Amino acid sequence: MDHDADVVVVGAGPAGLLLAGDLARAGVRCLLLERRTDRSGLTRAFAVHARTLEQLDARGIADELIASGTQVHVLRFFDDAALDLSGLPSRFPYVLITPQYETERVLEERARSLGADIRYGHKVAGLTQHRDGVDVQVEEDGRRPGTLRARYVVGTDGMHSTVRRALGMPFPGKPVVQSVVLADVRLIKPPPETLTANSSGDAFAFIVPFGDGWYRVIAWHRRNQLPESAPVSLDEVSETARQALGVDYGLHEPRWMSRFHSEERQVPRYRDGRVLLAGDAAHVHSPAGGQGMNTSIQDAANLGWKLAAAVQGWAPEGMLDTFDTERHPVGRQVLRTSGALLRFAFTGPQVLGAARTLLVPVATRLPFVTEYMTGAMSGLSISYPAPRGAHSLAGKRVPDWPLADGRRLYEALRGGRFLLAGSRPIPPGIASGYGDRLDMAEVAYPPGIIALIRPDAYTAWAARWSDGLSPSQVRGALVHWCGSPGNHG
Ligand SMILES: Cc1cc2nc3c(=O)[nH]c(=O)nc-3n(C[C@H](O)[C@H](O)[C@H](O)COP(=O)(O)OP(=O)(O)OC[C@H]3O[C@@H](n4cnc5c(N)ncnc54)[C@H](O)[C@@H]3O)c2cc1C
């Protein structure tokens, strides 16, 4: 069977763009199809968390995105509560506030520079799986539909995913909150804090600066529940903001306003044969905590190298299935925490309202509470299952260790390959036959360790030299994670 591409990625949102870039970097022929005719100028997400910035750093594009936004080190909410991110064990101890279209621009420029073929005005209408590939029905700029063949297809086509529907995959869940209004406005007298959020009585409001004079206002009023199609007026936004925050900061000049209903849904599995689902196509949840785009980007970071390995023929048995077994539980957890946060923020004025006012300020001063909350929100505490008896680092996010040659570990990962890193020089012969997918490095810190780092900056395997480590143990880890040796490129 002739294939038009190794992988067709459907949907050029943040997940599709990062994935297309990773596949292209690995030398995979990748086609990214987007139904929009041009880049999006609208922003939904505006918060980029530390773990996402680390993933971008491992691709050499974090600094460019950071230059487009504002760093917020302390999140203040509910009058007297604050969450201090400045102690996060990361190069990025803050949340970056930048419009989603900036994140997409940086990801798209990278993907193009690596050779990804990105086609706007290409709407996927359906697909059919065969034993050796997938036929994708594509409508190009409204012309007659055509068919493209790929070895694999990834649906990163958002909440209303056509790919998901073509698979007949259920998307079970429920609505969580109705009639949340969004408005991008200017303010006569902006609030002193970068992020301003509060709820009072029946009203909740949240104000975020984009850094260019425009502000995003998110407002919700318990007694103002309208259908999604009902137009939003500036008076409605101002009045809710005034009730929640005590002042509306002189909201004016709206350039975009919208009303949306938030839902919590997740597919039962992220893989069906040669078709995979990532990002909002696989899970949607409340925007509270700003997790949607971040989770979608990290889905893509988890999938790219596994899919490249499958296309190139060196993926160990079951490797591609680990996209589902690792990322599905993360998605489920995000649904739970963002749902709980939203219910807490939008809760009624009586019992929980009092708890929020009294308990949250106290709770956010307890170190174990803040550590848990900042770890979850930033994505730094995400880890993947490791076998019983494995080293404590296995499955965990790898810190940005300094290397003996002066680089940082995340710089050494920019080729998208595995990294065998040791606190002393590793005999090169140990990795013979893996030159097409593995680099080696000596770390200046931590001492006494040897670790196999995955391309997505999680520790695959680790051991202590002092435990009498044999070359065959290292070799066993390489075969388990990197497949059998030999040039498959
Ligand atoms: C109001 C609102 C506020 C939000 N705020 C935040 C926030 O603060 N922080 C956060 O992290 N997340 C937030 N999110 C969620 C975030 O925007 C999404 O999680 C993120 O965009 C998901 O990225 P994605 O790449 O999976 O999908 P999307 O960004 O939805 O991209 C899907 C792409 O697929 C394309 N497409 C769809 N169907 C087809 C087809 N048939 N053929 C070809 N192309 C197709 C679409 O045009 C689109 O470009 C918010 C969402 C909403 C609705």
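Trainee: In S15, which residue is the bridge partner of Ile-207?

Mentor: This is a predicted model, where local features need pLDDT of at least 70, side-chain atom pairs count only at pLDDT 80 or more, and totals for chains, interfaces and linings use all residues. Residues are numbered from 1 along each chain as its sequence is written, and side-chain values use heavy atoms, with hydrogens and water left out. Strands (E, at least two residues) and helices (H or I, at least four) are DSSP runs numbered from the N terminus. Across from Ile-207, the partner in S15 is Val-217.

Trainee: How many bridges join S14 to S15?

Mentor: S14 covers residues 203-209 and S15 covers 215-221. Two strands count as paired if DSSP finds at least two bridges between them. S14 and S15 run antiparallel, and the bridge count is 7.

Trainee: Which strands stand at the edges of the sheet of 6 strands, and why is one side of each left without a neighbour?

Mentor: The sheet is open and antiparallel, in the order S13-S14-S15-S12-S16-S19. Each edge strand has a single partner strand, so one side of each has no neighbour in the sheet; these strands are S13 (196-200) and S19 (283-284).

Trainee: At about what angle does H6 run to S14?

Mentor: Helix H6 (234-245) lies across S12, S13, S14, S15 and S16. Axes are lines fitted to C-alpha atoms, for helices over the stretch in contact, and angles run from 0 to 180 degrees between N-to-C directions. Relative to S14, H6 runs at about 100°.

Trainee: What angle does the direction of H8 make with that of S16?

Mentor: Helix H8 (residues 322-345) packs on the sheet, touching S12, S13, S14, S16 and S19. Contact means heavy atoms within 4.5 Å. With the direction of S16, that of H8 makes about 125°.

Trainee: Which residue in S11 is the bridge partner of Gln-137?

Mentor: S10 also runs antiparallel to S11 (residues 146-155), joined by 5 bridges. In S11, Gln-137 has as its bridge partner Thr-147.

Trainee: What share of the ligand's exposed area does the protein bury?

Mentor: Polar contacts here are pairs of N or O atoms within 3.5 Å. An oxygen atom of the ligand lies 2.7 Å from a side-chain N or O atom of Asp-280. Taken alone the ligand exposes 1000 Å² (Shrake-Rupley method, 1.4 Å probe). Of that area, the protein buries 91%.

Trainee: Which element gives the largest share of the shell around the ligand?

Mentor: The shell holds 31 residues, and the closest include Glu-34 and Arg-36; a residue belongs if one of its heavy atoms lies within 4 Å. The largest share is 4 residues, and it comes from H7.

Trainee: Which residue joins Pro-446 through a cis peptide bond?

Mentor: Most peptide bonds are trans. Pro-446 sits in the loop between S21 (438-442) and S22 (449-453). The bond is cis, with omega about 0°, and the residue joined to Pro-446 is Tyr-445.

Trainee: What is the phi of Tyr-249?

Mentor: Most residues other than glycine have a negative phi. Tyr-249 is found in the loop between H6 and S16. Tyr-249 is not a glycine, yet its phi is positive, at about 60°.

Notes: Polar contact = N/O pair within 3.5 Å; in protein donor to acceptor, adjacent residues only side chain to side chain.
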